[in-house]
Amino acid sequence: MASNNPAPPDSTRRSERSRRAIYDAAIALVVEIGYPKTTIEGIAARAGVGKQTIYRWWGSKAEVLLEAFLDLSEQAARTAAQEREEREDREGQEGRAGHESQGIPDTGDLAADLKFVLRATVDELHDPAFEAPSRALAAEGVVNEELGRRFVAKLLEPQLQLYVDRLRSAQEAGQVRPDIDPRIALELFVSPLAQRWLQYTGPITYTYTDTLVDYALNGLAPR
């Protein structure tokens, strides 16, 4: 039976192939030679397209890298969700799928859930494919306010909202004080990790992020 959905025109498929090649080239070059040495010419040559193709879609290499990194993050999120669903199917944990599919797990143990997702963040920060473009965009965002705002709005804020949602769930369960502002509270463990990573002030390890969670949830005063 013939499909009711017509195939996309050749020009659309070619554009998507070119866009994908440009994404891959931008990420690869930043990893291999660094952001300062990456150029539009280099991205075009690596992707096998003309410079005019890139300039038709983006105004600068920073814009190319931002879009490429957002695409990379979306792919990683889809892969992680698929792997999680497959693991749950094997373990017979269908009831947990709805809680985890949107981001941070909600197993009822707030500390364990936060440690789980922060350990996954540690893994990403040690992965050159994520570390190099993320660091480049963070640095560029300091001097390019528009790019910085877009980076925060499109990538960071959606991720931070996942922490807000999980902390609100903990408030509803009576595990966190009701007067706590989740958006501020999440900075107790997210911001120190970001600062340490950006400024190379110490190693990024599971032990470090586990300790951040313990300090944030238990406080510093004697118990």
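Exposed means over 50% relative accessible area. That cut-off is needed for the first view. All views show a predicted model.

**View 1. Tyr-200 sits in a loop with a positive phi.**
Tyr-200 lies in the loop between α10 (187–199) and α11 (206–218). Its relative accessibility is 61%, so Tyr-200 counts as exposed. Phi of Tyr-200 is near 55°. That is a positive value in a residue other than glycine.

**View 2. The largest nonpolar core holds 30 residues.**
Residues with the most contacts inside this core are Ile-22, Ile-43, Ile-54, Val-64, Leu-65, Phe-69 and Leu-137. Two or more residues come from each of α1 (10–33), α2 (40–47), α4 (61–91), α7 (128–143) and α8 (145–172). Helix α4 gives the largest share, eight residues. The core also draws on both domains: at least three residues come from domain 1 (14–94) and at least three from domain 2 (101–223). A second, separate core has 23 residues, including Val-164, Leu-167, Leu-212 and Val-213. In soluble globular proteins, nonpolar side chains tend to be buried together.

**View 3. Phe-69 and Ser-134 are in contact.**
Beyond its neighbours within four places in sequence, Phe-69 contacts Ile-27, Phe-130, Pro-133, Ser-134, Leu-137, Phe-151 and Leu-155. Phe-69 is among the residues with the most contacts inside the largest core. Ser-134 belongs to helix α7. Its relative accessible area is 12%, so Ser-134 is buried. With neighbours within four places in sequence left aside, Ser-134 is in contact with Phe-69, Phe-151 and Trp-197.

**View 4. Ile-54 is buried in helix α3.**
Helix α3 covers residues 51–57 and contains Ile-54. The relative accessible area of Ile-54 is 0%. Residues up to four places away in sequence aside, Ile-54 touches Ile-22, Ile-40, Ile-43, Ala-44, Val-49 and Val-64.

**View 5. Residues 39–58 carry a UniProt annotation.**
An unreviewed UniProt entry labels residues 39–58 "DNA-binding region". Over this stretch the chain is 75% helix and 0% strand. The end C-alpha atoms lie 13 Å apart.

**View 6. Ala-62 is buried in helix α4.**
Ala-62 lies in α4. With a relative accessible area of 3%, Ala-62 is buried. What does Ala-62 touch, not counting residues up to four places away in sequence? The partners are Tyr-35, Leu-137, Glu-140 and Leu-147. Ala-62 and Thr-39 are 23 residues apart along the chain, and their C-alpha atoms are separated by 9.7 Å.

**View 7. Glu-32 and Arg-46 form a salt bridge.**
The closest N and O atoms of this pair are 2.7 Å apart. The bridge links distant parts of the chain: Glu-32 is in helix α1, Arg-46 in helix α2, 14 residues apart. Arg-46 has 42% relative accessibility, so Arg-46 counts as partly exposed. The structure holds 14 salt bridges.

Arg-166 is in helix α8 and Asp-113 in helix α6 (residues 110–125). The pair links distant parts of the chain, 53 residues apart. Are these two residues buried or exposed? Both Arg-166 and Asp-113 are buried.

**View 8. Further salt bridges.**
Asp-179 and Arg-177 meet through their side chains, at 2.9 Å from N to O. Both of these residues are exposed. Elsewhere, salt bridges link Glu-16, Arg-20 and Asp-71 in a network.

**View 9. Helix α8 bends at Leu-156.**
The bend is about 40°. A proline, Pro-158, follows within four residues. Buried residues of α8 include Leu-147, Gly-148, Phe-151, Leu-155, Leu-160, Tyr-163 and Val-164. Arg-166, Leu-167, Ala-170 and Gln-171 of α8 are buried too. Just after the helix, Gly-174 takes a positive phi of about 80°.

Note on methods: Residues are numbered from 1 along each chain as its sequence is written. This is a predicted model: local features need pLDDT of at least 70, side-chain atom pairs count only at pLDDT 80 or more; totals for chains, interfaces and linings use all residues. Side-chain values use heavy atoms; hydrogens and water are left out. A nonpolar core is a set of buried Ala, Val, Leu, Ile, Met, Phe, Trp, Tyr and Cys residues joined through side-chain atoms within 4.5 Å. Buried means under 20% relative accessible area, exposed over 50%, partly exposed in between (1.4 Å probe, protein chains only). Domain bounds come from an automatic or database domain assignment. Contact means heavy atoms within 4.5 Å. UniProt positions are given in the numbering used here, feature names are shortened, and annotations may be inferred rather than shown by experiment. A salt bridge is a side-chain nitrogen of Lys or Arg within 4 Å of a carboxyl oxygen of Asp or Glu. The bend at a residue is the angle between axes fitted to the seven residues ending there and the seven starting there.
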